[in-house]
Amino acid sequence: MKRSKFKTIQSKILVTSFSVIFFLLSGCSDGFLDRQPLDQVVSTNFYQTEDDAMKALISVYDAVQYQSSPGISWAPFLTISDVLSDHSYAGGADANNGINEDQLNTFNILTTNVIVHSLWAKNYTGIYRANLLLEKIVDIDASEDFKKEIVAECKFFRAYFYFELVKLFENIPLLKETIKGPSQYIQTQNEVQEVYNLIASDLVEAIDVLPEETMGNNNGRVTKWSAAALLARAFLFYDGVYGGNLQAAEVVVDNMKALSYIEELIVSSGHNLIADYNVLFKLESEMGSESVFEIAHGDSPAWWDWGYLRGSEGNLAAQMQGPRVTGSDNWNRGWSFAPVTQKLVDAFGDDPRLNATVLMESELDGSLVKGYQHTGYFSKKYSSDAEHWGADGQFEHNRTANYRVIRYADVLLMAAELGSPNAQQYLDEVRSRVGLESITATKKNILKERELELALEGIRYFDLLRQGLAVATTELNAQSKIGPNYEGDDVIFQVTFNASTKGFLPIPQTEVDLSNGTFKQNAGY
Amino acid sequence: MDKTFTILIIILFSFNSIAQNLTGIVTDSENNEPIIGANILIKNTTRGAVTDLDGNFTLKDVAATDTLIITYLGYQTLELAVEGKSFIEINLNSKTSELDEIVVVGYGRQKKREITGSISRVSDETIKEVPILRVEQALQGRTAGVQVTNQSGQPGDEPTVRIRGIGTTGNARPLYIVDGMAVGGIDYLNPGDIESVDVLKDAASAAIYGARAANGVVLITTKSGKAGKANLSYDGYYGWQNAAKQLDMLNADEYKMLMNEGARNAGLSEPFDLNEISTFDTDWQAALFVQNAPMQNHQLTFKGGNEKSTFASSLSYFSQQGIIGGSKSQFDRYTARLNGTHNINTWLNVGNNFSYTHLIKRGIGTNESFNGVFSSALNMDPLTPVFESDLDVLDNPPYNTEPVVIDTAGNVYGISEDVRGEVVNPFALLETNNNETRKDQFVGSIFAELEPIKDLKFKSSLGVDLAYLLDDGFRPLFYLNGAQFNDDKTSVNKHIQRYFTWQLENTLAYNKKFGKHNMGVLLGTTASEFKYENLFGFNADVPVNDPENVYLNLAQDTVWVANGGAAASAILSQFGKLNYNFNDKYTLTAIVRRDGSSRFGVNRRFGIFPSIGAAWVISDETFFRDFEALNYLKLRASWGINGNQEIGDYQFVATIDNTRGYTFIDGRSVGSSPLFIENADIGWEQSEQLDIGLDAAFFENQLEVTLDYYVKTTKDLLETIPIPAHVGNAGPVANVGSVQNKGIEGSINWRDKIGNFKYNVGINASFNKNEMTKIGNTEGILVGASWATSGTITRSEVGLPIAYFLGYKTDGIFQNQAEVFSHINGSGEVLQPNAVPGDVRFVDFNNDGIIDDDDRTIIGNPTPDITFGFNAGASYKNFNLSLFILGSQGNDVFNGSQRQDLRFTNRTTQNLDRWTGEGTSTSTPRYTWADNNMNYRVSDLYIEDGSFMRLKNIQLGYTLPSNLTQVAKLEKVKFFVSAENLLTLTKYTGADPEIGSFSSFDIGIDRGIYPQAKTLRIGAEIIF
């Protein structure tokens, strides 16, 4: 009797304690089960300090100098833009080597073209990183000024990436924030206007915040002037192709507004033309007074890994466009992509800028292996010249040439084209630098000036497209002209612009396939 | 027990009459051990007795004409007439029916009669029969539905265990629970310590292990002591292992002839003068296989206890050398164990299971195209000697210029003049292999069981599993050939790893019988945490060339590498089980477990795993009484959902990559962004299974039959899939894809006794069909394993088995030029323009007019249709004989042990039957060094039938008569002689058809597999 009573008490204690254990375990589970990697920083605990924010910002800068996508292809925007234009052919070692470039050059572009996919992937990588930092910056422990500047830089780059995408592909999905999980993978393409409006509003916001410095005085980081110039370029392209104004939140970006930003740049930025056109693309001019927006390349860390080219800081365009020369102290083993057309050489005539723009076969020492579509002309602006050789690592990955995306000369010409009261002065300024006489600042003359002044800088193709498909067709088809130094079959130079595509690339097939039917292929493909 | 005693006392005092007293002893008829606690009842009375610790009993007032009824759980009830005796010896036969045994289930034990799912059991007696190093091997061929394949013949390699097929493209290993503790690996366990292994095959039985049960659950129970006399026993054996088979390779003359032909057919000059007598004709295999490689096991067990406490402790030593490499491929294990239970008072029991293991493992590559020891032996030319002793040769390069490999006696290993690439002298390769792993592991648990009121039991247990691993590596200077050498610096590395798991479990069980209703309720919680840490160090330039004595501090270079990391995971669960049985006839079981795992994203951190099962003992129905032969029939059905959480840690979170960077004017700055995007939705793979089973027994359990049908579908397989590029980062692992296994498995056992001769035979077989039912990427394909230089040879595709062999179909050999020209496509173009007579005719499988990669199709399936085991045992007086056969039917093997892409490699004698002219062969192409037709591309010519039947074990034992042993004061002495892998019947031409899975995609690929040994053993069992 006594014992059973004792047992009853025991059982009460027991059942109670069991219930407590049971419910405690159910309740406290969140802390117990919330495990984060112990020996690695993860996204959930990384974005804390100003230092973290800077590293995150640098990852956005990192993407802007990407010229390849892992497992897809090499695709420097600069080289590919010129291959599309009437200034360069495809090139490469042989017909197979440059097969993807050749599709772009001749406008027989397959939807599976890997370069096309690479360009798509690169820009969305940048957009993701910018969006991610825009989301994370809110909770980072930092001063408001610091945050504002980070936000402005992210928006500048987001605009840059979107502009590159939309002018290449036209119909693209617009992501203003990161994708949060598999349920959001499927997106739809947005209206072109929406994309350009985001570009405009991002840039207007950046213009208001970014420092009023030249890049050279801002440690190579983007400035208010970079944003102003990029906005003018975007407006001109939009206005040329679609016609009309952009809506940047409350601000309407029309001709006058776009112009006013760069007029301010011209007046008060401190940017100038570098006196000698011949040193523009030399190391000495990097981040110089003419560089309104410049993407840096370098040889640190010395890169060896062919499997992950994104890890390198080198300029792949310079590697691709360089002549295949061995045994020379001045040029080393480029891949002879994007050989320059006879048409461009002819366009220069006796324009003194030819010498600083086009590298003639006759200038080469050492032994030259002639590549596919060998014309005897190479780009001199971005090439495998000795000055830009990397100090260490695999030489292909470490070319140090910075990519001058927007030069002050370009800004002057844009201002002239946008109808600045000082248009004539601006045009004269550009021409007089190279000792050319003044010509009337007509739109035609300004555009002709752009062709030569900015040749082989990745600008020409889009300048053609914004002049309308008729101009584009005439000019692009005309590049088939064969020069005296050409070697090979006639037929491979034949280029017929496919106007039904309006000059846009196809949406990469993989992306169409993965979209579950929501992505519509571009017209003409 | 005390209840029985009370009744007994009442009985004894109530009937105090004057008949004579009877004493006796009750023993087990098998081993003559006393049975403690057997009930003896005088028929037609309520009077009886219970045997004491020595099996003795006393009954008062027994009439000469009385009959005794002797009952004991697990034994056949016996009726015995007293016939006026005053002392009586009673032998009880154990109820050997498997259908009546008690099996271990999740968190408890249950009568097999009440089981609603599908559980297979292997007992210690069976485990003892075959010399196994690892517990998994005890299941091989013994349990229907469990496919166990030795990965190779290397001692200590983990065998592949697949319960009811491969249900995942990830980790398909079952969950091992040892004495209630979930353990990561079971190489620490001494098989001699095991009492039983119970395999939960169906989802309903396994559901109580929730998110870890999808690949099946193996419950291992270690031995415990019994109340009664303490005993000390020794078990041990010593064995000699030898190669079971040698491939027929070309001898020197045949080799030279064939190489000349290969060169001639390629338009090259012949490398050998056939008239010259070869200096060497090395049989590399014969030289390589170790003769009588030793294997031994010794164990001391001390067991005993009284009604209050029991204990079982053991010490064991196991050592096995490989038949390839000897001490370079060796496994040694020392174990110590102490299990105990203590009855503190009427309501409290406590107990413990402690084990400590020290093991040393040295291994070589077991199935490698490149740099495999055995594959080198198969491909090395016979003209090269094992040792080069010609001084003229030794005075020339490379011998006098390079760090050529020398054995401990100073002999120089020969280097081939012709064979290149990764094919090298296998002895020299072995000599350079200096990897060793040492492990110290403690696995222990303590538990307390309280019974505050009758039938209500609370059990709390705490277990830990702590292991330290130390890996050593030493890379000496060596020169194997022009492609394989290290003439720079020696190097040394050490890697120390610590694994620690703790597990706390609390269960509350209540069992109650109300009339014919029998109810059981179980509620429980588990919390478990796993932690890992490691430290790795490396440096080069060690002046010592003795791998046994190389330490990091000796290294003199400045290229120090040190790194280390950590990981942790946790599981938290609640579970419940409801068992209801009516009249021993109808059983219903329902289980639900809620698992929370730190491995899953926040959105899917918890999962619910339900199951339900029912059983009906039809033979207990009144309408069934007419079927006399069939004495037992039970129908079972169960359904449940299990999970698989083996996806690695932290898959839900994105790690930050610091390799981003940008060059500002002041230099390069480091940038950081996530390596891949987060997937907070990541969760377990989910496996749903339906099982329908039947158990039947005929002729008073002489014949027993079990049959099961199951359909198991695994959904949400975890894969990294391509995601749209606009996401902006690499994709995470996500739940996509599904796979289905369905099959039938069954076993039939027969036993009989004719006088002193007892025998039993049994067979079990499993038929399983495996099919991918969904793959969540655009291509609908998962790329699988690759072979040598040929790239992918297996892959997964919807509608086909999980890893099928991919290659070209062939259609014989072109006998003449006319046949080449007539092998054309629809437009009349020759399909193989590069072919000449003697080349292989490939099939334009997709009929598109060209023969290219798209013509590759399924050419074989590595997964067997049927796996089976056959066992038989017989005993006569003191002798016993057992044999055990296992086999596999319908599986293909990819025979890739020969390097077809290299010139000068040796070939099998099968090549003597090659095509040499019209009509000479329709299956083996001509031999040429210029393979323009790509005869050796991956095709069905590599696929062979891998079905086999293997006499795994045959054993003869002799137990010394008890009168002899009693003189020596011994309880039992038994000797045995045993042979393993004595005979293998197979059509497979390679070294061994039993090839393990190296992943879910890498099954049955012979890259020169380390074959299993043929073993002869003698052993003894002595109980003191």
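How many bridges join strand 1 of chain B to strand 7 of chain B, and in which sense do the two strands run? In this predicted model, six bridges join strand 1 (residues 20-28) of chain B to strand 7 of chain B, and the two run parallel. Within this pairing, Gly24(B) has Ile88(B) of strand 7 of chain B as its bridge partner. The two strands belong to an open sheet of three strands in chain B, ordered 4-1-7, with mixed pairing. Strand 4 (56-62) and strand 7 (87-92) of chain B are the edge strands, each of which pairs on one side only. From one strand to the next, the twist averages 30°.

Chain B also contains an open sheet of five strands, in the order 10-15-16-13-14, and the pairing in this sheet is mixed. Its edges are formed by strand 10 (119-123) and strand 14 (181-183) of chain B, and each of these pairs on one side only. Here the twist averages 25° from one strand to the next. Strand 15 (residues 194-200) of chain B pairs with strand 16 (residues 217-222) of chain B in the antiparallel sense, over six bridges. Opposite Asp198(B) stands Leu219(B) in strand 16 of chain B.

In chain A, helix 4 (residues 50-64) packs with helix 7 (residues 114-136) at an angle of about 165°, and their axes are 8 Å apart. Because the angle is over 145 degrees, helix 4 of chain A is roughly antiparallel to helix 7 of chain A. The crossing of helix 4 of chain A past helix 7 of chain A is left-handed. On the side of helix 4 of chain A, the contact is made by Ala53(A), Ala56(A), Leu57(A), Ser59(A), Val60(A), Asp62(A), Ala63(A) and Val64(A). Helix 7 of chain A contributes Lys122(A), Gly126(A), Arg129(A), Ala130(A) and Leu133(A). Of the residues in this contact between helix 4 and helix 7 of chain A, eight are nonpolar, two polar and three charged.

Over all chains, the structure holds 61 aromatic pairs. One of them is formed by Tyr196(A) and Tyr238(A); this pair is tilted, with 4.8 Å centre to centre and 50° between the planes. The pair links distant parts of the chain, as Tyr196(A) lies in helix 9 (residues 192-209) of chain A and Tyr238(A) in helix 10 (residues 224-241) of chain A, 42 residues apart.

Technical notes
Residues are numbered from 1 along each chain as its sequence is written. Chains are lettered from A and ligands numbered from 1 in the order in which they are written. This is a predicted model: local features need pLDDT of at least 70, side-chain atom pairs count only at pLDDT 80 or more; totals for chains, interfaces and linings use all residues. Side-chain values use heavy atoms; hydrogens and water are left out. Axes are lines fitted to C-alpha atoms, for helices over the stretch in contact, and angles run from 0 to 180 degrees between N-to-C directions. Helices (H or I, at least four residues) and strands (E, at least two) are DSSP runs, numbered from the N terminus. Angles under 35 degrees count as roughly parallel, over 145 as roughly antiparallel, 65 to 115 as roughly perpendicular and the rest as oblique. A crossing is left-handed if the near helix is turned anticlockwise from the far one by less than a right angle, and right-handed if clockwise. Contact means heavy atoms within 4.5 Å. Ala, Val, Leu, Ile, Met, Phe, Trp, Tyr, Cys and Pro count as nonpolar, Asp, Glu, Lys and Arg as charged, and the others, Gly among them, as polar. Two strands pair if DSSP finds at least two bridges between them. Rings of Phe, Tyr and Trp (its six-membered ring) pair if their centres lie within 6.5 Å; planes under 30 degrees apart count as stacked, over 60 as edge-to-face and the rest as tilted.
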